[in-house]
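I opened the file to take some notes on it. The entries follow in the order in which I looked things up.

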Amino acid sequence: MIKSMTGFGRAEEITDDYKLSVEIKSVNHRYLDLNIKMPRRFFPFEAEIRNIIKKYVSRGKVDLFINYLDFKDKASGVYLNKNIVKKYLDIGLELCKEYRIVDDLKVSHLLTLPDVISIDEPKLDEEKVKSQLFKVLEEACKVFLSTRESEGEKLFADINSKLELLTDTADNIKERYPQVLEEYKSKLTLKVNELLNGASIEENRIATEVTLFADKICVDEEVVRLFSHIKAMNDEMKLDTGIGRKLDFLAQEMNREANTILSKSTDLNIANYAIILKTEIEKIREQIQNIE
């Protein structure tokens, strides 16, 4: 079953010591664009986190949020680097004197300067932390995958119904084409007879004109290729990964055939059928943009 690039997943674990939550959301994107927001304690595991996500998604803009709340009273040590603060102040005073700049330096400014504040976090058991994180991450990924598959089922049903309409419309064009030739032949014969005031004309001359007209408006090749593209799209949608780009290519080819049919059409019915083709193909292309 096809997968949508739109999805959401969430999981959390709460104990007496901590609360760990993971959220994943995604929208359509040409490639895999993975953005991770997480506490510093999980930075060492970023490469492994990315590898886990890649098991569940190959394309889309994915945002991953990891939140961790420690209930234990293990406050980190926060230290002021006085030597660095002094250097910043000395440089500031020097600038004020040399360039006659008004001194507007505040404590809030100082605290944002690099290396003014140092944080000494308690040492973590990395293996234990990683185990906790990956457990919740996998749970969130499974929920995330489930929502993408559910959305994919809806996309499949919608596109499949549109492909059925394309097939019926192409059949109508195929059936209408011989009727157009017969109508043209009848009109041509009537017009010639009117011009010749009832004088006879060779049937071969009429047949030749009808043949030339048939060559001009013939859309047999376009209809055959359209049927082929519809079948290829149906076959492709039975696969479950990496089909979005292929489907988009097939939709472009379908649109090309519909444009050619419309440009060749001299019959209102066939022109209307071609417009239906173009409209439905455009709807399919819009849906395909959400398929992985």
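**Entry 1**

The model is predicted. I located Arg 100 in the loop between helix 2 (82–99) and helix 3 (107–111). I then looked up its backbone: Arg 100 is not a glycine, yet its phi is positive, at about 55°. I noted this since most residues other than glycine have a negative phi.

I found a positive phi at Asp 115 as well, near 70°, again in a residue other than glycine. Asp 115 sits in the loop between helix 3 and strand 6 (117–120). With a relative accessible area of 53%, Asp 115 counts as exposed.

**Entry 1: the whole chain**

I stepped back to the overall layout. I count 8 helices and 6 strands in the protein. Read from the N terminus, the order of elements is β-β-β-α-β-β-α-α-β-α-α-α-α-α. The protein has 292 residues, and 35% of them count as buried. I also looked up how far apart in sequence the contacting residues are. Of the contacts in the protein with a separation of 6 or more, 80% are between residues 24 or more positions apart.

In what order do the strands of the open sheet run? I read the order as 1-2-4-3, with 4 strands and mixed pairing. Strand 1 (7–14) and strand 3 (32–37) are the edge strands, each pairing on one side only. On average, neighbouring strands of this sheet are turned by 10° against each other, direction ignored.

I then followed the pairing of strand 3 with strand 4 (residues 60–70), which is parallel and runs over 6 bridges. Lys 37 stands opposite Phe 65 of strand 4.

Next I checked what packs on the sheet, and noted helix 1 (residues 46–56). Helix 1 touches strand 2 (18–27), strand 3 and strand 4. The direction of helix 1 makes about 135° with that of strand 3.

**Entry 2: helix 6 against helix 7**

The crossing of helix 6 past helix 7 is left-handed.

I listed the residues in contact. On the helix 6 side they include Val 223, Leu 226, Ile 230 and Met 233, along with the charged Glu 222, Arg 225 and Glu 236. On the helix 7 side they include Leu 247, Leu 250, Met 254 and Ile 261, along with the charged Lys 246, Glu 253, Glu 257 and Lys 264. By class, the residues of this contact divide into 10 nonpolar, 2 polar and 7 charged.

I also looked up Lys 231, which is in helix 6. Lys 231 is exposed, with a relative accessible area of 53%.

**Entry 3: helix 7 against helix 8**

What is the angle between helix 7 and helix 8 (residues 268–288)? I noted about 165°, with the axes 9 Å apart. Helix 7 is therefore roughly antiparallel to helix 8. The crossing of helix 7 past helix 8 is left-handed.

Among the residues of helix 7 in this contact I noted Leu 247, Ala 251, Met 254, Asn 255, Ala 258 and Leu 262. Those of helix 8 include Ile 270, Ala 274, Leu 277, Lys 278, Ile 281 and Ile 288. The contact has 13 nonpolar, 4 polar and 3 charged residues. Leu 247, Ala 251, Met 254 and Ile 261 of helix 7 are listed both in the contact with helix 6 and in the contact with helix 8.

**Entry 4: Asn 255**

I finished with Asn 255, which lies in helix 7. Is Asn 255 buried or exposed? Asn 255 counts as buried, because its relative accessibility is 18% and the cut-off is 20%. Leaving out residues up to four places away in sequence, I found that Asn 255 touches Lys 278 and Ile 281. Lys 278 and Ile 281 are both on the helix 8 side of the contact with helix 7.

Technical notes: Residues numbered from 1 in each chain as written. Predicted model: local features only at pLDDT ≥ 70, side-chain atom pairs only at ≥ 80, totals over all residues. Heavy atoms only, no water. Pairing = 2+ DSSP bridges. Helix = DSSP H or I, 4+ residues; strand = E, 2+ residues; numbered from the N terminus. Axes fitted to C-alpha atoms, helices over the stretch in contact; angles between N-to-C directions. Contact = heavy atoms within 4.5 Å. Left-handed = near helix turned anticlockwise from the far one by under 90°. Parallel < 35°, antiparallel > 145°, perpendicular 65-115°, else oblique. Buried < 20%, exposed > 50% of the residue type's maximum accessible area, 1.4 Å probe, protein only.
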